[in-house]
Amino acid sequence: MTTATTGTTAVTGAVGTAHTRVEGLAKVTGAARYAGEIPFAELAHGWLVLSTVARGRIRSVEDAPVRAMPGVLTVLHHGNAPRVDGDYVGMLGKPDPTVAVFQHDRVPYLGWPVALVVAETSEQAREAAEALVVRYDEEPHDVAFFAGRPGTYTPGTPGTETAKGDLAAALAASAVVVDAEYTTPEEHHSSMEPHAAMARWDNGRLEVVDSNQGSTWVAGELAKLFSLDPESVRVRSEHVGGAFGSKGVRPHQVLAVMATTVLHRPVRVVLTRRQMFSLVGYRSPTAQRVRLGADADGRLRALDHQAQSLTSTVHEFVEPSAGVGRAMYDADAHHTVNRVVALDVPTPTWMRAPGEAPGSFALESALDELAEKCGLDPIALRTRNEPDRGPVSGLPFSSRNLLACFEEGARRFGWADRDPAPGLRRDGRWLVGTGTAAASFPTMVMPSTAAVTAEADGTFTVRISAADVGTGARTALTLIAADALEVAPDRIRVRIADSDFGPAMIAGGSMGTRSWGWAVTAAIGELREQLALGGDIPPQGITAHADTTEALGALPEKERHSFGAQFAEVAVDTTTGEIRVRRLLGIFAAGRIINPLTARSQFIGGMTWGLSMALHEEAIRDQASGGHVNADFAGYHFAAHADVPLIEADWVDDPDDDPLGIKGIGEIGIVGTAAAIANAVWHATGVRHRNLPIRPDRVLLAGGEPAGGRHA
């Protein structure tokens with residue numbers, strides 16, 4: 001056993017000590033193969049053809065000339081593709097109709113799949129796809145998103161709107177009121193590894209080798225779509241080069257299955273970067289209004305957060321931006337609502353820290369504005385409004401150590417030396433400012449199954465349909481298993497991402513490690529009981545299984561969240577409008593930290609994304625064509641290495657009441673970061689920026705010199 005210290009807590013065993021990734025060597029040497037590069041005999045290649053109109057019908061697909069081109073094997077489209085059943089309820093509800101591809105001639109947005117060309121090589125498939133002529137009957141389209149636009153409605157799904165108290169009366173009785181509107185743009189996942197899937201039939205079973213966030217999830221959806229016995233579908237996804245919410249069930253997997261069914265040979269479909277901008281989801285733009293009413297001493301009387309996002313005309317998806325305040329701040333009157341408008345655009349989807357990322361920008365910026373009006377330090381204002389129970393639910397918190405995060409962060413950041421007045425600090429031509437914001441993200445857990453085998457050679461094999469999307473899940477599960485078995489980590493072999501291992505939670509919602517670790521620990525408990533009976537281990541080993549469904553049902557109902565405090569220092573060039581982030585510090589209360597090495601990477605990665613959100617990311621949609629003008633890495637800007645300063649991330653002790661004490665760290669790093677940066681820009685310049693990203697042109701238009709009370 002090893003012993004190490006993290007924070008103030010002595011940690012014994014594997015959990016809590018820094019371990020490099022168990023698959024790290026394979027990745028850095030190129031031995032780890034991703035879905036788009038695994039060889040298969042007689043592999044054919046599919047290339048997608050997307051619509052060039054934003055709304056209308058397909059009049060004709062003129063595929064005869066293309067079928068005659070070298071290497072072309074088939075051209076699939078709505079006139080000849082296999083039929084699928086898109087009318088089902090899957091793991092996450094009704095599917096986006098996009099996955100029921102080639103089932104009709106309707107075109108609901110630009111970039112809708114209209115054909116798949118399959119050829120012997122990828123180059124032949126691409127050449128033929130670019131030569132394919134598709135004719136349309138075009139119809140007028142509408143892609144314009146703006147606050148309060150006609151057609152905006154409140155969805156009927158549970159949790160869309162919450163309310164308590166008399167909002168109008170509380171606002172009227174408030175000594176200080178903030179009433180401001182904030183916007184965030186359309187943002188894209190931009191995972192480095194493109195979406196890729198290979199499908200083939202193997203002895204009557206459908207096998208799919210894919211890049212996804214949950215193998216059993218994808219297998220179940222494909223079984224329903226193609227009306228197959230679930231046992232006849234196997235999906236594997238060993239290595240994933242980024243996902244962030246986008247790698248679920250998408251058209252490329254469905255089309256690979258269609259093509260292999262037609263051709264009776266393996267077919268791989270890989271999306272291009274430009275195709276990913278229309279086919280794999282994105283974060284909807286938001287328009288948010290926040291109204292805060294407070295007494296002169298800063299105690300909140302009213303909190304009203306109204307958020308508007310867009311969805312497609314074919315499938316409703318709501319970015320739940322207004323939800324972030326439901327667990328953060330109490331008020332006598334508390335109202336939150338998410339509204340949506342349907343446009344001729346692709347369907348948005350979950351994207352890292354869905355709701356909390358854009359919602360925290362608006363709410364935490366508004367809190368900073370309230371602190372200014374009340375003449376209070378921003379941390380003091382948040383401390384004054386710290387709830388002891390869920391502000392909306394009334395439930396107790398499993399643990400809530402937000403104030404400890406602020407206390408530790410303020411000490412390390414040097415917050416006490418900050419002059420609260422804006423526009424006073426200069427460094428040559430740069431105006432310098434600091435800002436802070438709070439962070440939270442729900443802690444959830446879902447049922448999972450796992451199997452653990454004691455091998456005859458003294459090692460142990462863990463099998464679970466987890467997904468490692470770059471987060472270090474394999475390593476975390478190795479450490480959890482090692483501690484539960486009281487053996488060294490090098491005696492553990494973790495096998496993941498195979499639907500044959502049984503159902504398990506997807507990698508999403510910051511609940512993967514918590515869900516999987518619980519199942520693995522439960523299976524090990526069963527195994528240890530079997531091993532306690534004594535006797536030799538047979539050549540096939542001794543295996544124990546676990547299913548956590550019943551145990552999770554016994555969890556007491558509480559408010560369960562990770563929390564954090566974000567701090568930023570920025571410098572603003574008064575001549576060019578350039579903003580440079582000089583320092584970021586995040587202190588988090590995120591339960592038991594399994595692997596400090598990869599955990600810190602997760603926090604820093606999220607904070608980097610928050611920096612990117614604050615200053616760079618913005619997908620621009622052309623009103624005339626209905627499509628993007630920057631659907632590539634040249635035009636869609638995000639933070640590069642030169643944009644990222646010294647980023648520090650750490651955590652405070654945060655014991656929780658579940659068996660493992662794990663919360664979740666995958667998303668909380670991004671929450672609040674953009675607000676902290678925006679608040680720092682105000683402190684530097686005296687100008688409030690309520691619209692992201694804070695581009696240099698916006699800084700110049702607003703005026704770089706101090707002008708208290710101005711906003712942009």
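In the predicted model, arginine 425 is positioned opposite valine 432 of strand E19. Strand E18 and strand E19, the latter covering residues 430-442, are paired in the antiparallel sense over three bridges. Both strands belong to an open sheet of five strands with mixed pairing, ordered E18-E19-E24-E25-E26. The edges of this sheet are formed by strand E18 (425-427) and strand E26 (646-651), each of which pairs on one side only. From one strand to the next, the twist averages 25 degrees.

Two helices lie across strands of this sheet. Helix H14 (residues 596-615) lies across strand E24 (561-573), strand E25 (579-589) and strand E26, and runs at about 130 degrees to E26. Helix H15 (residues 673-685) lies across E19, E24 and E25, with an angle of about 155 degrees to E19.

A cis peptide bond links leucine 692 to proline 693, with omega near -5 degrees. Proline 693 is located in the loop between strand E27 (687-688) and helix H16 (696-702).

Positive phi values occur at two residues other than glycine, glutamate 42 and alanine 497. For glutamate 42, phi is near 60 degrees, and the residue is located in the loop between helix H1 (24-29) and strand E3 (44-50). Glutamate 42 counts as exposed because its relative accessibility is 60%, above the cut-off of 50%. Alanine 497 has a phi of about 60 degrees and is placed in the loop between strand E22 (492-495) and helix H12 (512-531). The relative accessible area of alanine 497 is 3%, so this residue is buried, the limit being under 20%.

Notes:
Residues are numbered from 1 along each chain as its sequence is written. This is a predicted model: local features need pLDDT of at least 70, side-chain atom pairs count only at pLDDT 80 or more; totals for chains, interfaces and linings use all residues. Side-chain values use heavy atoms; hydrogens and water are left out. Two strands pair if DSSP finds at least two bridges between them. Helices (H or I, at least four residues) and strands (E, at least two) are DSSP runs, numbered from the N terminus. Axes are lines fitted to C-alpha atoms, for helices over the stretch in contact, and angles run from 0 to 180 degrees between N-to-C directions. Contact means heavy atoms within 4.5 Å. Buried means under 20% relative accessible area, exposed over 50%, partly exposed in between (1.4 Å probe, protein chains only).
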